[in-house]
Amino acid sequence: MALEGRLTFILSVFLLLSSLCDCHPTSAARAASNDIARKGNLNSLTIRRGVGNKASDIAAEVAGYADVAKQIIDLAVFGAAQKRSYRRLADFTDTIGNRVSGSHNLEMAIKYMYNAMTQDGLDVHLEPVKIPHWVRGKESAEMIAPRAKSMAMLGLGSSVGTPPEGIEAEVLVVQSFDELKQRAIEAAGRIVVFNQPFVSYGETVAYRAYGASEAAKVGAVASLIRSITPFSVNSPHTGWQDYQVGVKRIPTACITVEDAELMWRMAQRGQKIVVRLTMGAKTLPYADSFNTVAEIKGWQHPEQVVLLSGHLDSWDVGQGAMDDGGGAMISWEALSLLKDLGLRPRRTLRTVLWTAEEQGGVGAQQYFNLHKVNMSNFDLVMESDLGTFTPVALQFTGSDAARKVMGEVVKLLAPINTTKLETHGEGTDISPWMQAGVPGASLHVADSRYFWFHHSEGDTMTVQDPRDMDLCSALWAVVAYVVADLQDMLPR
C-alpha cells in the first residue's frame, strides 16, 4: 500500500475508534484530516524530513497551506466575518470609553472582554497582576503675559501635582536638551517649555519621558513639553514620563504644537512670558488588575504556544480605539476566524490582552516573569500596537533559519498583497520574550497618521476603517495558524 494510502487507512481507523470514546473525538482527527488534505506532497515531504530540514522542504510544507490561508482571508475580508472586528471594537469603545491603568473603566473593560470571548466559545481566563494607579485630577494652563490666553494641556502620566493655587512663573523656552544646558543659569525658578521639533517618535519622545527631570536639574519649577506629534489641530498628546532617581520631582504636562511655537516666537522677540499651571495629579497605591487570556488548545502539542496580543488599557483621553483597541480586537478576531472554520492547529494559539501597557508594559512584564520558566515552549510572540490601518508587511525578529520560514509564510498573504517580511518585530509587551531569544512578530501598517491621534482626544472610532481591520485580522490569523500548525517550531 502506498504511503498516502496507509495514512488514509490509519486516519479512518482513528476516526472510528475516536467515535467510540467519550473524550473529544473529532478534534485531533479533524486536524489530521486537514493536514493530509492540504498537503498533497506529504509523502515526499515526510521522507525528506528524515534526511534534513532543507529550505525546499519548508517551502513545500508552507505552500501546502495556500488553500487554508485563502479560506481564512475570504472569511475575514469577503465572507460572514466581514466588518466584524470593526463592529466589536465600536461596541467595546462606545460602551466602555477610555481605560487608563488603575481605573474603574479598565476593570469594566476586562470584564467585558472576558464575557465576550467566553460567549464566542473560546477558553478564557484571567491572570492577576498589580498595576500603577495615577489620577489626572483637574488641570489647566494659561498664559498671563505678554497677553492672556488659555492653553490646551494634558498632564503627563506619573507627574506630581502643583500646589492647590498652582504655579505661576516666567517661562524659559528651549528647543533641545543641549540648549537647556547652555542656558541653565536662566532656568532657576522658571517653567521650562520644550519646543523640540518632531523628528520621529522614537527620538523625540525622550523630551516627554525625561524633560521634567532635566528641567529640575537646573532649578526649574515645572516643565511643559511640546506634544510628540507631527501634526496638530491644537491637540495635546499625553503619555508616560519617568522621573530620574535623586532628582526633584516637578509637575510636567504636554501642550500643543501651536502654543509651544507661539511661546518660542514670543521669546525670540525678547518678550517676557508668564504662565500659570494648575494640576491636581496624584499617584495612588498599586491596583489589582488582570491580563485577559483566550486560547484554542493545540491538538498535538498543547504545551507549545503561538501568542497573539494587543493591550486593553489606554490613556484617559479619547476612546483608545486606535491605541490599542484595534490591536486587541484583531487578536481576538484571529481566533474567531479559525474557530468559525473549524481549524485547530498542532500548537496552542493564545491571545493575551495586556493590562497597563501604557505605563511601560507592566502587565506584560509580570506575565513574562510568570511564564518564562516555559520559554522553550513559546514558538512565536506577536503584538499589534501601531494601529490597524492598511497592512503593509509583517515585521519579524528571529534567527536566519526562522526568517526563512516566515518568508515562506507571508507568501500565503498574496491575496491581500502583504507578502513583505521586514526586520525588527516590535512591541513593548513582547520585547522581554524577543530579548530572551523567542521569535517575535509585529504588524506594519500604513501608519503615517498614527501619531496624529496617538494619546489624544482624537483617538476615537472615527480613525478606524472596517476594511483595514478585516485585512489586519486576516493577516494575523493566517500567520498565527500556519506557524502554530507546522511540523516543527521556529528554529531559535
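Student: Which residue just after H6 takes a positive phi?
Tutor: Glycine 97, with a phi of about 80°. Bear in mind that this is a predicted model.

Student: And what follows H11, with a phi that is positive?
Tutor: Glycine 342, where phi is near 70°.

Student: Back to H6. How far apart are its end C-alpha atoms?
Tutor: They are 18 Å apart. H6 covers residues 84-96, and its 13 residues should span 18 Å at 1.5 Å a residue, so the two values agree.

Student: What about the ends of H11?
Tutor: H11 has 20 residues, and its end C-alpha atoms are only 25 Å apart. A straight helix would reach 28 Å at 1.5 Å a residue, and H11 falls short of that.

Student: How many residues of H11 are buried?
Tutor: 18 of the 20, and H11 is thus mostly covered.

Student: Which residues of H6 are buried?
Tutor: Arg84, Ser85, Arg88, Leu89, Ala90, Phe92, Thr93 and Ile96.

Student: What do they pack against?
Tutor: Three helices: H7 (104-119), H11 (321-340) and H16 (466-485).

Student: Take H16. How do the axes of H6 and H16 cross?
Tutor: The axes cross at roughly 115° and come within 7 Å.

Student: New topic, the largest nonpolar core. Which residues touch the most other members?
Tutor: Ile72, Leu380, Met382, Trp476 and Val479, out of the 83 residues in that core. H16 gives the most to this core, with 14 residues.

Student: What does valine 479 touch?
Tutor: Leaving out residues up to four places away in sequence, valine 479 touches Leu380, Met382, Leu394, Met406, Val409 and Leu413.

Student: How many residues are in the second, separate core?
Tutor: That core has 48 residues, including Ala212, Cys254, Ala260 and Leu262.

Student: Now the whole protein. How many helices and strands?
Tutor: The secondary structure comes to 16 helices and 16 strands. Of the 492 residues, 56% count as buried.

Student: And what share of the contacts with a separation of 6 or more comes from residues 24 or more positions apart?
Tutor: Such residues account for 81% of those contacts in the protein.

Key: Residues are numbered from 1 along each chain as its sequence is written. This is a predicted model: local features need pLDDT of at least 70, side-chain atom pairs count only at pLDDT 80 or more; totals for chains, interfaces and linings use all residues. Side-chain values use heavy atoms; hydrogens and water are left out. Helices (H or I, at least four residues) and strands (E, at least two) are DSSP runs, numbered from the N terminus. The expected span of a helix is 1.5 Å times one less than its number of residues. Buried means under 20% relative accessible area, exposed over 50%, partly exposed in between (1.4 Å probe, protein chains only). Contact means heavy atoms within 4.5 Å. A nonpolar core is a set of buried Ala, Val, Leu, Ile, Met, Phe, Trp, Tyr and Cys residues joined through side-chain atoms within 4.5 Å. Axes are lines fitted to C-alpha atoms, for helices over the stretch in contact, and angles run from 0 to 180 degrees between N-to-C directions.
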